[in-house]
Amino acid sequence: MAHTRNATLLAVTLVTVSACSSVSGGDSTPSTADAQAVTTSTAEPSAPVISLPVAEAFAEPAWGITLSSQEAPWMPVVTAERIVVLDGTQVRALDTEGQESWSQGWEAFTADERGPGSPYPLLRQVSPEVVAVVDGGRSDGEGLDADTQEVRVTLLDIASGAVIEEVSVEGGERFLPEIGESGLGFLVRTDSGEREAVAVTPTGEVETLTATDDLVGVVTVGDQAFTLSGGSEEAPERFAGASFTSEDLAPGPEFEIGAIEASNAEDRLLVRFAVPYGEGMLQVLDAESGEVLSEPECDPPTATLSVTSPDREWGVLESMRINANGEVECVGGGEGERRVVLHAITDSGRAFGVAHQGANETRFVDLAPSGEPVVSDLAEGARLPIGVMDGGLAIHWDPADAILTANQIEE
């Protein structure tokens, strides 16, 4: 993507399911670890419920859990019916009532095999139905064979936890394959100095892509793979997929820079075209055909993955609210307006976020499906939802204390 953001992944262990209650219908609204595997939690609902400070648009928690961690845990993956988390050498999923739905292990590297500063393991949603556990490290050679660097990808069905496929992306003796910022694309540096592009699909197919000499990264969006070239790893200048390239879609010859900014992990791309040292423009594309769906006049986002509604018909990406047709509404950020960052959205298009002005002044934004946003004070320390599950449950997350809560959305 156009920006690189590395995160440190840490060990998380499910320690408590504090309380649980069934949830009824309501507005529904969705979206990511080195420890010993633990046994499935058998904790029964109990009081009091673990809670977090939240905005007034959300009721008291229906349930809450605490994860233990060595540092701040990686963001959980939130879908309509599951919350998926890494828990040591296990991947665990919770249902809408906070109960464990499934638990699955993978062939993990040790800390020594990963090495210091490793970004692995990590959990990534790669399609509406599939999450991937990605782990990388040194793989011991057999006999006289030299050790090599390798990335292992375990693809899991979100609903059931079933293993879809386990594949490996092999590097050389010195360089670990580098995962892109979206999906399962890998830049592989050979020991001889060459660069190769490899992509893994949600079904487990491993594809080698055509790569240029100035390859700097690879990303995937659902079944579609794109190579990133020119510029730097932090700021690529061109992209190319199976059906189209940035040169094909550039609005004019002066737009020499084309960069993939974000996706919905399924079928939509947000791209940016720019004149060197000049102005730029955004486009929402169909990831398979390259059809331009809209040209939003919003500020470019720093996030690389949009948060979608439980039915995936709506999405939010910082200041953007995106409908099923790829049309975008820019919220805030205009002249004399606060900068808005939207965090979650319901099946009806109701979105929640914050409005910033300065370093310390933040207000809560409740954006109705149509009409003006309702802006209110936000209590100090209040958490924003990271996604919404079926039944109108807004999921809140505190990475500092590793707490998850599910709060009913108020009408």
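Cys298 and Cys330 form a disulfide, with 1.8 Å between their sulfur atoms, a disulfide being a pair of cysteine sulfur atoms within 2.5 Å. The count by this rule comes to 1 disulfide. The torsion about the S-S bond of Cys298 and Cys330 is about -85 degrees, so the disulfide is left-handed. The pair links distant parts of the chain, 32 residues apart: Cys298 lies in the loop between β21 (292–294) and β22 (307–308), and Cys330 in strand β25 (residues 328–330). Cys298 counts as buried at 10% relative accessibility, whereas Cys330 is partly exposed, with a relative accessible area of 33%. Here buried means under 20% relative accessible area, exposed over 50%, and partly exposed in between (1.4 Å probe, protein chains only).

The model is predicted, so local features need pLDDT of at least 70 and side-chain atom pairs count only at pLDDT 80 or more, while totals for chains, interfaces and linings use all residues. Residues are numbered from 1 along each chain as its sequence is written, and side-chain values use heavy atoms, with hydrogens and water left out.

Turning to the overall picture, the protein has 2 helices and 32 strands; helices (H or I, at least four residues) and strands (E, at least two) are DSSP runs, numbered from the N terminus. Of the 411 residues in the protein, 52% are buried. The accessible surface comes to about 17800 Å², and carbon and sulfur atoms hold 45% of this surface; the areas come from the Shrake-Rupley method with a 1.4 Å probe, and for residues only the protein chains shown count as cover.

The aromatic side chains come next. A search of the whole structure finds 7 aromatic pairs. Rings of Phe, Tyr and Trp (its six-membered ring) pair if their centres lie within 6.5 Å, and planes under 30 degrees apart count as stacked, over 60 as edge-to-face and the rest as tilted. Phe239 and Phe273 form a tilted pair, 6.3 Å centre to centre and with 45 degrees between the planes. This pair links distant parts of the chain, with Phe239 in strand β17 (residues 238–240) and Phe273 in strand β19 (residues 268–274), 34 residues apart. Both partners are buried: Phe239 at 2% relative accessibility and Phe273 at 0%. Ring pairs also link Phe226, Phe239, Phe244 and Phe273 into a cluster. Elsewhere, Arg152 lies over the face of Phe109, 3.7 Å from the ring centre; a charge sits over a ring if NZ of Lys or CZ of Arg is within 6 Å of the ring centre and within 35 degrees of the ring normal.

Among the strands, β11-β12-β13-β14 is the order of an open sheet of 4 strands with antiparallel pairing. β11 (178–179) and β14 (206–209) stand at its edges with a single partner strand each, so one side of each is left without a neighbour in the sheet. Strand β13 (residues 195–200) pairs with β14 in the antiparallel sense over 4 bridges, where pairing requires that DSSP finds at least two bridges between two strands. Ala197 has Leu209 in β14 as its bridge partner.

Some backbone features are found in loops. The peptide bond from Tyr120 to Pro121 is cis, with omega near 0 degrees, and Pro121 lies in the loop between α1 (111–114) and β7 (122–127). Ala265, although not a glycine, has a positive phi of about 60 degrees. This residue, Ala265, lies in the loop between β18 (257–263) and β19 and is buried, with a relative accessible area of 7%. Ala402 is likewise not a glycine and has a positive phi of about 55 degrees; Ala402 is placed in the loop between β31 (393–398) and β32 (403–409), buried at a relative accessible area of 1%.
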